[in-house]
Amino acid sequence: MRKRRVVVVGGGLAGLAVAMKLAELDVDVALMSLSKVKRSHSACAQGGINSVNILTRQLGDSEWNHFDDTVYGGDFLAHQPPVKELAYWAPQIIDLMDRLGVTFNRTPEGFRDQRRFGGTLYSRTAFAGATTGQQLLYALDEQVRRWEATGHVTKFEMWDFLGPVLDDRGRCRGCVAQDMVSMKIRAVEADALVLASGGCGAIFGRSTNSIACNGSAVSRVFQAGVHYANGEFIQVHPTAIPGADKLRLISESARGEGGRVWVPRTPQDPRPPGEIPEKERFYFLEHRYPTYGNLVPRDIATREVFNVCVKEHLSVDSERMCVYLDVSHLPRELLDRKLAGILEIYEKFQGVDPRRTAMKIFPAVHYTMGGLWCDYERTAEGGLAIGSPRNQQTNVSGIFAIGECDYHFHGANRLGANSLVACVFSGLTAAPGVANYVNHLPRHPADEERRSLFEGSQRRHEARYKAMLARPEGGPNPYRLHARLGELMTRVATAIRHNPELEAAYAEVCEMEEQARRASLSDRGDWANQNAVFARALEDMFPLAKTILRGALARDECRGAHYKPEFTMPQVDADDPAERRRQAEIWCQRFEENNRKWLKSTVARLSSDGEPQLSYEEVDTTLIPPRPRLYGVVGGELIEEAWNSRQATATAQERS
Ligand SMILES: Cc1cc2nc3c(=O)[nH]c(=O)nc-3n(C[C@H](O)[C@H](O)[C@H](O)COP(=O)(O)OP(=O)(O)OC[C@H]3O[C@@H](n4cnc5c(N)ncnc54)[C@H](O)[C@@H]3O)c2cc1C
């Protein structure tokens with residue numbers, strides 16, 4: 001009998017982690033990737049990976065604190081059992097990666113060094129210089145190569161996943177994919193499919209993501225019936241270098257090592273930053289959030305950068321919006337030892353040495369919090385039942401999702417350095433469930449059924465491909481359409497959103513979608529046709545773009561990265577103390593009402609006419625009750641007081 005086999009789409013951290021673990025469990029893996037797996041986007045991750053360790057424990061940190069920071073950082077939108085399990089696994093994951101050879105930075109005593117990242121007061125982020133993702137990826141790649149040598153893993157590198165193959169019971173039986181060199185299309189038989197295909201930043205044109213992060217694989221399973229959750233939650237990172245081709249991240253680690261964000265108090269002060277005296281600088285994050293300072297979570301930092309540039313007209317430059325990110329006060333030795341990887345990026349692309357001169361930065365699209373909807377099985381203690389086939393399984397039997405392309409863990413806003421750990425965690429913990437799923441499948445389909453299923457699917461994809469190559473000349477240009485889509489999405493669906501703009505954008509995206517279906521190819525060749533691969537990926541961006549817009553349009557509130565000025569919370573700004581107290585009470589009441597209405601995940605399914613249909617799912621918040629997300633903002637003390645006394649009254653009433 002044929003051994004059980006799983007197709008894993010994606011060779012980033014999540015894909016490699018699940019492949020390694022499945023092979024260990026004696027399940028064969030076909031590992032598919034658009035690029036060589038070592039060039040997956042995970043290699044770009046710079047700053048680090050989160051877990052408590054012996055050093056943070058001495059300062060009072062714990063797994064529960066990591067869990068709490070993650071839930072609070074995500075504005076309570078994540079189901080709590082998977083997040084709790086993640087936080088409790090994190091120290092073991094770092095130990096594992098250490099054993100596998102990752103060269104984590106060390107303290108002089110030999111402990112793994114940790115830096116602080118956003119949304120926590122603990123230095124909880126382990127790192128390998130400023131190239132952490134690359135080191136982690138290479139360590140897992142070595143392990144997967146070992147399994148490749150034993151025949152457990154077969155790699156399909158430079159292959160484009162085109163779609164799942166579902167049997168007449170709606171169960172996944174494999175997939176169809178295209179070799180991006182020979183352009184041959186082939187059906188690959190399997191007992192389950194694991195999507196580990198990363199985020200979809202390319203929908204926004206320029207972002208900090210690799211260009212391969214186009215969401216194509218996710219969109220293809222979405223179009224085949226898998227649900228997509230919380231699409232409207234897209235992270236905009238506060239600190240990136242604007243560029244004509246892409247936006248390059250300057251990692252949060254720069255602030256974690258002491259970097260400070262500021263603008264001159266005089267608008268567009270012409271002096272070089274180093275010549276502007278301290279008292280003439282406005283350290284706006286430190287001023288407004290004295291407790292968290294430059295390390296408030298990303299959604300908050302990004303909005304503050306926007307506010308200081310747009311509302312307060314304090315952008316450093318007049319012709320483009322930007323603020324200073326300054327590390328020039330830090331010792332050169334520290335910068336070279338801990339941040340060389342990112343500082344070299346700035347120096348290379350801006351021609352300025354950030355060790356001497358403050359960097360000019362601005363927010364950029366960075367991370368996809370939403371993703372394929374997937375399930376989990378909760379234990380009585382509120383953790384995950386490891387080994388359950390429900391874990392990470394989507395609504396379509398036999399299709400699983402892990403890593404950045406799933407929607408668990410980060411809710412409405414991801415904390416920095418929580419993604420790498422979530423990728424490895426979801427890969428390692430999904431594997432036993434996937435193995436149980438495939439090992440308990442009733443039987444392989446009969447030969448005849450298999451032939452018709454796979455040959456039929458392959459033929460359909462071949463026909464679609466041929467039709468694309470045969471499109472007449474003179475149709476829309478796919479690259480121009482992509483640039484238009486990116487500009488539109490960036491303008492209306494990033495840091496600040498307004499309903500009329502979202503509505504107009506939806507109509508425009510539908511019109512572009514129709515044009516993309518007619519886009520002409522300049523290359524009709526049968527060898528390494530990147531033009532065809534790009535045009536197909538572009539077509540598949542539209543269902544996700546529409547889902548992002550629909551979700552954002554429907555969600556009339558502010559939560560994490562989703563911000564609509566019309567739905568902000570009321571101000572607490574009265575002069576009279578009694579009136580301020582009353583305003584704080586009203587604030588708390590509104591907070592509770594809003595949670596009753598909106599503390600829900602958006603779940604989209606694509607109808608047969610290509611329109612996303614939304615429904616809402618309750619979020620499991622049974623372990624940490626939602627509370628106002630203030631991060632010590634100046635003026636927030638009264639809200640905190642009012643909230644605490646409300647909670648005390650509610651508890652007393654419950655007891656009596
Ligand atoms: C610049 C930058 C820095 C970051 N730094 C950090 C950090 O310090 N710490 C942290 O926790 N997070 C960080 N992140 C986030 C983190 O890097 C990602 O969330 C994470 O690496 C995603 O891993 P993944 O395995 O889910 O997907 P990826 O690493 O994106 O891999 C996706 C895989 O899917 C494959 N694929 C996609 N589509 C198809 C298709 N159609 N057919 C076949 N294969 C396909 C790709 O080839 C690739 O192998 C950073 C992100 C960016 C942009």
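Is the crossing of α14 and α15 left-handed or right-handed? In this predicted model, α14 and α15 cross in a left-handed manner. Helix α15 also packs with α13 and with α6, and each of these pairs is described in turn below.

**α14 with α15**

- Helix α14 covers residues 499-516, and its axis lies 10 Å from that of α15 at an angle of about 165 degrees.
- Because an angle over 145 degrees counts as roughly antiparallel, α14 is roughly antiparallel to α15.
- On the α14 side, the contact is made by Asn499, Leu502, Glu503, Ala505, Tyr506, Val509, Glu513 and Ala516.
- On the α15 side, the residues are Leu538, Glu539, Phe542, Ala545, Lys546, Leu549, Arg550, Ala552 and Leu553.
- Sorted by class, the contact of α14 with α15 holds 11 nonpolar, one polar and five charged residues.

**α13 with α15**

- Helix α13 (residues 478-492) packs with helix α15 (residues 530-554) at an angle of about 25 degrees, and the axes are 10 Å apart.
- That angle makes α13 roughly parallel to α15, since angles under 35 degrees count as roughly parallel.
- The crossing of α13 past α15 is left-handed.
- From α13, the contact takes in Pro478, Leu481, His482, Leu485 and Met489.
- From α15, the contact takes in Phe534, Ala535, Leu538, Met541 and Ala545.
- In the contact of α13 with α15 there are nine nonpolar residues, one polar residue and no charged residues.

**α6 with α15**

- Helix α6 spans residues 216-223 and packs with α15 at an angle of about 60 degrees, with 8 Å between the axes.
- The angle makes α6 oblique to α15.
- Here, too, a left-handed crossing is found for α6 and α15.
- α6 contributes Ser216, Val218, Ser219, Arg220, Phe222 and Gln223 to the contact.
- α15 contributes Ala537, Asp540, Met541, Pro543 and Leu544 to the contact with α6.
- By class, the contact of α6 with α15 divides into six nonpolar, three polar and two charged residues.

**Ligand surroundings**

- The ligand is surrounded by 47 residues, of which Gly10, Gly12, His41, Gly198 and Gly403 are the closest.
- Helices that each supply at least two residues of the shell around the ligand include α1 (13-24), α5 (132-149), α6 and α11 (418-439).
- Strands β2 (28-33), β7 (159-166) and β17 (359-368) also each supply at least two residues of this shell.
- The largest share of the shell, four residues, comes from α11.
- The shell around the ligand has 21 nonpolar, 24 polar and two charged residues.

**Overall form**

- The chain contains 17 helices and 21 strands.
- Its C-alpha trace spans about 80 × 65 × 55 Å along the principal axes.

Technical notes. Residues are numbered from 1 along each chain as its sequence is written. This is a predicted model: local features need pLDDT of at least 70, side-chain atom pairs count only at pLDDT 80 or more; totals for chains, interfaces and linings use all residues. Axes are lines fitted to C-alpha atoms, for helices over the stretch in contact, and angles run from 0 to 180 degrees between N-to-C directions. Angles under 35 degrees count as roughly parallel, over 145 as roughly antiparallel, 65 to 115 as roughly perpendicular and the rest as oblique. A crossing is left-handed if the near helix is turned anticlockwise from the far one by less than a right angle, and right-handed if clockwise. Two residues are in contact if their C-beta atoms, placed from the backbone, lie within 7 Å. Ala, Val, Leu, Ile, Met, Phe, Trp, Tyr, Cys and Pro count as nonpolar, Asp, Glu, Lys and Arg as charged, and the others, Gly among them, as polar. A residue is near a molecule or strand if its C-beta atom, placed from the backbone, lies within 6 Å of it.
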